[in-house]
Amino acid sequence: MTTHTADRTRPPTTGHTARAIPETALEELRVTDDAGRPTEPFTARADGVPQDCVGALLRCCLRDARAGERVALVSYAPLRRWAAGTGAEPGAYDEQGPVFVHAGACGGPDGAAGRYPDLRAGALRVLRRYNAQGQIIGGRYLEVPEDVEAAFDAALGEAFADPRTALVHVRAVEYGCFQFEVRPER
């Protein structure tokens, strides 16, 4: 795995877009999560009770949770769900982890929000590359600079320059949480 901040010497790649959790998966997760637990929605509160989630990324619409919204913390297995649709066998690379989602349908990402979720400079992310069999084939550490789009365009351009890359998962370094998925431009 290589470590980088934005490399401004590379021309930016265009067209990559963060993908939220698909609506069909969200419908299932809002009942039972990928760990088999029933989903327990709650109201997001500024005081962090019962979960500290205000300001956390909602993986259904790729924006931060706001106080007063009904949300749920669910276990999500993004590679497993992708593999089920492609026939891949990720084996030991199948991970599940906690993500926040709206407790009900929200309409998905807002097209005006940009191609990548609202990230703050200094956020630490890892971009994991997977092949068509669902195996990890590389990764890249990224400390998010001020120019978020340029940094992600460069990192994703590098990832998809490898023809074996079928998809990239972006995760938070601090907690390992899945942030969003990116697939190759078509």
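Two strands pair if DSSP finds at least two bridges between them. The exercises below apply this to a predicted model.

**Exercise 1. Strand E7 and its partners**

Task: Find which strands pair with E7 and in what sense.

Solution. 
- Step 1. Take E8, residues 136–143. E7 and E8 pair in the antiparallel sense, over seven bridges.
- Step 2. Pick a facing residue. Val 126 stands opposite Tyr 141 in E8.
- Step 3. Look at the turn. The hairpin of E7 and E8 has five residues between the strands. Gly 134 takes a positive phi there, near 85°.
- Step 4. Take E9, residues 167–172. Six bridges join E9 to E7, and the two run antiparallel. Leu 127 has Val 170 in E9 as its bridge partner.

**Exercise 2. Enclosed strands**

Task: Decide how many residues of E7 are buried, then do the count for E6.

Solution. 
- Step 1. Buried means under 20% relative accessible area.
- Step 2. Count in E7, residues 124–130. Six of its seven residues are buried, so the rest of the structure largely encloses E7.
- Step 3. Turn to E6. Five of its six residues are buried, so E6 is largely enclosed as well.
- Step 4. E5 and E6 run antiparallel and are joined by six bridges. Leu 73 has Phe 100 in E6 as its bridge partner.

**Exercise 3. An aromatic pair**

Task: Classify the ring pair of Tyr 76 and Phe 178.

Solution. 
- Step 1. Recall the description. A pair of aromatic rings is described by the distance of the centres and the angle of the planes.
- Step 2. Read the distance. The centres of the Tyr 76 and Phe 178 rings are 5.4 Å apart. The limit for a pair is within 6.5 Å.
- Step 3. Read the angle. The planes stand at 65°, so the pair is edge-to-face. The cut-off for that class is over 60 degrees.
- Step 4. Place the residues. Tyr 76 is in strand E5 (residues 70–76) and Phe 178 is in strand E10 (residues 178–182).
- Step 5. Check burial. Tyr 76 is buried at 4% relative accessibility. Phe 178 is buried too, with a relative accessible area of 4%.
- Step 6. Widen the view. The structure holds four aromatic pairs. Tyr 116, Phe 152 and Phe 180 form one aromatic cluster.

**Exercise 4. Salt bridges across the chain**

Solution. 
- Step 1. Start with the total. The structure holds 18 salt bridges.
- Step 2. Take Arg 120 and Asp 64. Their side chains meet at 2.5 Å, N to O. Arg 120 is partly exposed at 45%, whereas Asp 64 is buried at 16%.
- Step 3. Take Glu 95 and Arg 128. Their salt bridge spans 2.4 Å, N to O. Glu 95 is partly exposed, with a relative accessible area of 27%.
- Step 4. Take Asp 162 and Arg 129. Their closest N and O atoms are 2.9 Å apart. Asp 162 is buried at 16%, and Arg 129 is buried at 16%.
- Step 5. Note a network. Salt bridges link Arg 19, Glu 181 and Arg 183.

**Exercise 5. Backbone exceptions**

Task: Locate a cis peptide bond and a positive phi in a residue other than glycine.

Solution. 
- Step 1. Most residues other than glycine have a negative phi, and most peptide bonds are trans.
- Step 2. Find the cis bond. It joins Val 49 and Pro 50, with omega about 0°. Pro 50 is in the loop between strands E2 and E3.
- Step 3. Find the positive phi. Leu 62 has phi near 55°. Leu 62 is in the loop between E3 and E4 and is buried at 9% relative accessibility.

Notes: Residues numbered from 1 in each chain as written. Predicted model: local features only at pLDDT ≥ 70, side-chain atom pairs only at ≥ 80, totals over all residues. Heavy atoms only, no water. Phe/Tyr/Trp six-rings, centres within 6.5 Å; stacked < 30°, edge-to-face > 60°. Helix = DSSP H or I, 4+ residues; strand = E, 2+ residues; numbered from the N terminus. Buried < 20%, exposed > 50% of the residue type's maximum accessible area, 1.4 Å probe, protein only. Salt bridge = Lys/Arg side-chain N within 4 Å of Asp/Glu carboxyl O.
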